[in-house]
Amino acid sequence: MKCPKCSEQAISFTKWLRGTNAFKTHCSKCSAPIKANIIVYILFVLTMIITLSLIPYLDEIFNFLKIETASNKVKLLALLPIIFFGGVAAWLTGGYKINDSA
């Protein structure tokens with residue numbers, strides 16, 4: 001995502017995915033305080049809703065795939081691609097704005 005002040009890439013995708021960097025950080029080029037725009041927040045909420053709504057169906061999904069010995073941890077790990085794709089969508093379509101309160 002580009003910095004609204006210097007129009008350079010503000011942060012790398014891997015750093016953006018870690019912690020709160022997706023929502024509030026400083027530009028790596030010009031050090032401007034920046035925060036996520038509304039699109040990032042909407043996609044974050046949608047990703048969490050989709051992920052949480054699939055949890056009750058994990059057993060059915062694994063039974064359909066004929067994977068009966070999977071533990072609950074493995075089943076929860078199966079939801080990670082949804083979270084990753086939500087992050088990619090937010091990275092590609094979202095952006096930053098200058099954080100006036102910083």
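This note goes through a predicted model, point by point.

1. Basis. The model is predicted, so local features need pLDDT of at least 70 and side-chain atom pairs count only at pLDDT 80 or more, while totals for chains, interfaces and linings use all residues. Residues are numbered from 1 along each chain as its sequence is written, and side-chain values use heavy atoms, with hydrogens and water left out.

2. Length of helix H5. Helices (H or I, at least four residues) and strands (E, at least two) are DSSP runs, numbered from the N terminus. H5 covers residues 80–93, which is 14 residues. The expected span of a helix is 1.5 Å times one less than its number of residues. For H5 this gives 20 Å, and the end C-alpha atoms are 20 Å apart, so the two agree.

3. Buried means under 20% relative accessible area, exposed over 50%, and partly exposed in between (1.4 Å probe, protein chains only). In H5 the buried residues are Gly86, Gly87, Ala90 and Trp91. They lie on the same side of the helix, because they cover an arc of only 135° around the axis; the arc is that of the directions from the helix axis to the C-beta atoms. Exposed Phe85 and Leu92 are carried on the face turned away from the buried side. The buried residues of H5 pack against helix H1 (13–17) and helix H2 (38–54), where contact means heavy atoms within 4.5 Å.

4. Aromatic residues. Rings of Phe, Tyr and Trp (its six-membered ring) pair if their centres lie within 6.5 Å; planes under 30 degrees apart count as stacked, over 60 as edge-to-face and the rest as tilted. The count comes to seven aromatic pairs. One of them joins Phe84 and Phe85: the ring centres are 5.9 Å apart and the planes are at 65°, so this pair is edge-to-face. Phe84 is partly exposed at 42% relative accessibility, and Phe85 is exposed at 56%.

5. The nonpolar core. A nonpolar core is a set of buried Ala, Val, Leu, Ile, Met, Phe, Trp, Tyr and Cys residues joined through side-chain atoms within 4.5 Å. The largest one here has 15 residues, and those with the most contacts inside it include Met1, Cys3, Trp16 and Tyr96. Strand E2 (33–36) and H5 are the elements that give two or more residues to this core. In soluble globular proteins, nonpolar side chains tend to be buried together. Leaving aside neighbours within four places in sequence, Cys3 is in contact with Glu8, Ala10, Cys27, Cys30, Ala32 and Ile34.

6. Asn99 lies in the segment after strand E3 (96–98) and is buried, with a relative accessible area of 3%. Not counting residues up to four places away in sequence, Asn99 touches Lys24, Pro33, Ile34 and Lys35. Asn63, in helix H3 (residues 58–64), is partly exposed at 47% relative accessibility. The C-alpha atoms of Asn63 and Leu79 are separated by 16 Å, and these residues are 16 apart along the chain.

7. Backbone angles to check. Ser7 is not a glycine, yet its phi is positive, at about 60°. Ser7 is in the segment before H1 and is partly exposed at 46% relative accessibility. Ser31, in the loop between strand E1 (24–26) and E2, also has a positive phi, near 65°.
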